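Subject: Structure handover

Hello,

Here is the structure I said I would pass on. Please open it alongside this message, and the notes on what was found follow below.

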Amino acid sequence: MDSYPNIWPDRGLFGFSGVDGETRYTEPFVLSGRSDGIGWNVALSPQPRLLANLGTQRLGPRNRPTDFVLPDCWYCSVRCGDHKGVVEGAFIDRSSLTITMAFSDLPDDLLPDLYAVGDNHAENGHVLFEGKGWWLAVAKGDPAPVRSFGLACSYTSESDALDRAQKAMQVDVRPVINKRLGFYAFANVPETVVDVKRRAYLKCASILKMNAESPQGRFATRWFRSDAAHHRNVRLWDTAINVLGIQHIHRDLAHEAIESILLGQQEDGRVPLAVNPEDDNVSHDFSHPPLLAWVISQKLERKKDAKFLRWCYPRLAKYINWFETHRKQANGLFGWSIRTDDDPVTGARGAESAMGNSPRFDEAESITAVDLCSYLVREYRALEIMALELGMQKDAVEWRHRLRDVRDKVNELLWDTEDMFYYDLDHKGRFIPVKTVAGLMPLFAEIPDRDQAEALRTHVVHPHEFWTQFPAASVAEDESQFSKDMWRGSTFPAANVLLYRGLTAYKYYEEAHDLAHKTINEISYRYALTGCIYEYYDSLGKDSPADLPRKGAPGDKGGAGFGVIEDYQPTAASYIYLTHEIARPS
């Protein structure tokens with residue numbers, strides 16, 4: 001166990017995985033760690049809080065090398081004053097977990113307890129919380145130096161919650177832990193990945209596992225949330241990035257993640273920004289960056305699967321054709337749909353692009369989007385390859401024709417010969433002159449010629465533009481709009497994956513590997529400090545992600561009602577993907 005994640009997470013998430021059994025979208029049960037010691041906040045409203053104590057004194061984690069802290073099971077060495085012990089536990093199923101606290105040589109007046117904070121009442125020595133449509137029970141074993149607890153959430157009744165908690169309290173935790181750990185036998189961590197980077201890798205693998213839901217509703221397969229607390233729907237961009245990582249750990253889960261996205265496809269071909277088992281249109285008429293064909297082509301490089309390809313191809317083609325009908329503009333290029341309500345909870349103006357809060361959307365009434373055009377060019381190339389694999393020569397010719405047409409128009413209309421950079425166009429056909437990571441996406445699509453690529457490389461590695469302490473900044477540092485806010489200067493590991501691929505496409509191997517190493521280093525460094533994997537990071541490498549603004553301000557002060565998301569699936573997948581990329585034999 002000396003290479004597992006072992007940091008008690010400050011607001012990091014705990015939950016049951018659909019890999020291990022049934023989950024229910026309509027009955028979430030997610031907990032988060034605390035910064036003041038061993039304990040949990042439960043993601044219910046009003047929020048129950050549970051503190052692991054000796055008497056009234058808090059237990060602190062020791063984070064020993066042989067400890068492990070995973071979302072669904074943990075073994076933590078703890079300290080309280082001069083007293084040392086262990087807290088271990090595991091999720092039994094989607095609604096209950098068991099916890100054991102073990103000490104020796106304790107005085108009679110100082111015994112382990114799980115202290116409940118929040119509006120609750122006692123029931124035969126146990127604790128019950130209640131909210132709108134839910135009940136949470138904490139069952140407590142007899143006071144002793146070794147004491148068991150059961151925790152259960154019910155959306156049916158108080159008695160159901162208490163019954164489940166009492167059963168959980170009686171479960172032997174060790175066999176459950178061993179069963180949960182079985183998943184990580186599939187985590188083929190490269191041998192060169194050691195110490196904290198290995199722990200961070202397995203933490204990332206655990207995040208991908210936790211966000212897997214069991215088949216339910218419209219989903220005949222397992223499917224993936226973006227994160228367990230805030231984005232519980234299937235989101236297109238997030239799942240596409242997830243597949244890049246999960247393919248290295250569990251091939252079947254990668255297949256199922258793709259299938260779940262395409263099972264949400266609408267009659268007109270649109271793949272929505274977000275769907276869930278109950279509602280196929282939670283994102284209205286919005287979509288998300290089209291990356292699935294490219295992602296599938298990445299999977300097929302590792303293992304051919306003709307049956308899977310035949311199932312995916314017509315659905316992917318129908319989706320890409322949806323852009324021709326709904327997002328193509330008079331100039332022959334494509335643009336994102338822009339939100340007009342600026343609702344910070346449902347998303348910013350550019351939410352469809354996945355770069356929702358970017359300054360490129362601040363003033364534009366409509367946009368010809370360089371990133372969307374780039375993604376489509378990359379999708380055309382992947383679909384051409386798929387068509388050839390399937391013997392569909394006519395389709396392959398059509399995709400090649402579209403690729404060349406859009407590539408040429410991007411170079412004609414979106415390349416600024418003075419700044420030597422790709423910009424979006426506003427509704428009047430004028431450049432939106434702010435250098436963002438979107439303007440680097442043509443590298444990913446292999447749109448630039450050699451001179452244009454060299455110009456972009458210069459922008460990428462410039463220390464006052466994109467090559468900040470933690471590159472690549474989402475907005476160049478020398479822009480007036482640069483800040484540490486979401487997509488306004490902060491660094492997104494998922495975007496770095498696409499930029500990495502662009503740099504390698506032009507044989508800028510040194511820059512690509514440096515970008516991958518810096519990404520892995522910063523993620524693992526911040527993991528070692530807080531036990532979390534974050535949605536985005538300070539591109540200047542100074543502030544903790546937890547202190548960064550999100551659409552205006554950090555945490556509950558922000559317009560979105562929460563800060564930078566902890567234990568975020570796309571970042572976890574990006575870490576795994578880039579780790580395998582740079583661990584390849586030269």
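In the hairpin of S13 and S14, which residue takes a positive phi? Gly133 does, with a phi near 85 degrees, and the hairpin has two residues between the strands. Before going further, please note that this is a predicted model.

Strand S14 and its neighbours

Strand S13 covers residues 126-131 and pairs with S14 in the antiparallel sense, over five bridges. Gly131 has Trp134 of S14 as its bridge partner. S14 also pairs with strand S15 (residues 146-154), again in the antiparallel sense, and here there are six bridges. In that pairing Trp135 stands opposite Ser154 of S15.

How many of the seven residues of strand S14 are buried? Seven of the seven are, so the strand, residues 134-140, is largely enclosed by the rest of the structure. Its side chains point two ways: Trp134, Leu136, Val138 and Lys140 point one way, while Trp135, Ala137 and Ala139 point the other way. The residues of both sets are buried, Lys140 among them.

Helices

Two threonines in other helices are worth a look. Thr458 lies in helix H11, which covers residues 450-461. Thr458 counts as partly exposed because its relative accessibility is 39%. A polar atom of the Thr458 side chain lies 3.0 Å from the backbone oxygen of Glu454. An α-helix has 3.6 residues a turn, so residues three or four places apart point the same way. As a distance across the model, Thr458 and Asp279 are 46 Å apart in space, C-alpha to C-alpha, and 179 residues apart in sequence.

The other threonine, Thr530, lies in helix H13 (residues 509-530). Is Thr530 buried or exposed? Its relative accessibility is 14%, so Thr530 counts as buried. The side chain of Thr530 makes a polar contact of 2.9 Å with the side chain of Tyr534.

Cysteines

A disulfide is a covalent bond between the sulfur atoms of two cysteines. How many disulfides does the count give? The count comes to zero. Cys73 is in no disulfide, and the nearest cysteine sulfur, that of Cys76, is 10 Å away. The cut-off for a disulfide is 2.5 Å between the sulfur atoms. Cys73 counts as buried, because its relative accessibility is 0%. Cys312 counts as buried too, because its relative accessibility is 0%.

Cavities

The count comes to two cavities of 30 Å³ or more. About 120 Å³ of space lies in the largest cavity. Which residues line the largest cavity? The lining includes Gly15, Phe16, Thr23, Glu27, Pro28, Phe29 and Val30, and also Glu213. Arginines are among the lining residues as well: Arg24, Arg94, Arg225 and Arg232.

Backbone points to check

Most residues other than glycine have a negative phi, and most peptide bonds are trans. The following places depart from that.

- The peptide bond from Ser45 to Pro46 is cis, with omega near 0 degrees. Pro46 lies in the loop between strand S3 (39-42) and strand S4 (49-54).
- The peptide bond from Pro471 to Ala472 is cis, with omega near 0 degrees. Ala472 is in the loop between H11 and helix H12 (493-505).
- Arg11 is not a glycine, yet has a positive phi of about 75 degrees. Arg11 is in the segment before strand S1 (13-14), and counts as partly exposed at 35% relative accessibility.
- Met420 is not a glycine either, and has a positive phi of about 55 degrees. Met420 is in the loop between strand S20 (415-416) and strand S21 (421-422), and is partly exposed with a relative accessible area of 32%.

Regards

Technical notes. Residues are numbered from 1 along each chain as its sequence is written. This is a predicted model: local features need pLDDT of at least 70, side-chain atom pairs count only at pLDDT 80 or more; totals for chains, interfaces and linings use all residues. Side-chain values use heavy atoms; hydrogens and water are left out. Buried means under 20% relative accessible area, exposed over 50%, partly exposed in between (1.4 Å probe, protein chains only). Helices (H or I, at least four residues) and strands (E, at least two) are DSSP runs, numbered from the N terminus. Two strands pair if DSSP finds at least two bridges between them. A polar contact is a pair of N or O atoms within 3.5 Å; within protein, one must be able to donate a hydrogen and the other to accept it, and residues adjacent in sequence count only if both atoms are side-chain atoms. On a 1 Å grid over the protein atoms alone, a cavity is a set of points where a 1.4 Å probe fits but cannot get out, and a pocket is an open set with protein on both sides within 12 Å along at least five of seven lines; lining residues have an atom within 4 Å of a point. Grid points are joined across faces, edges and corners, and a volume is the space filled by probe spheres set on the points.
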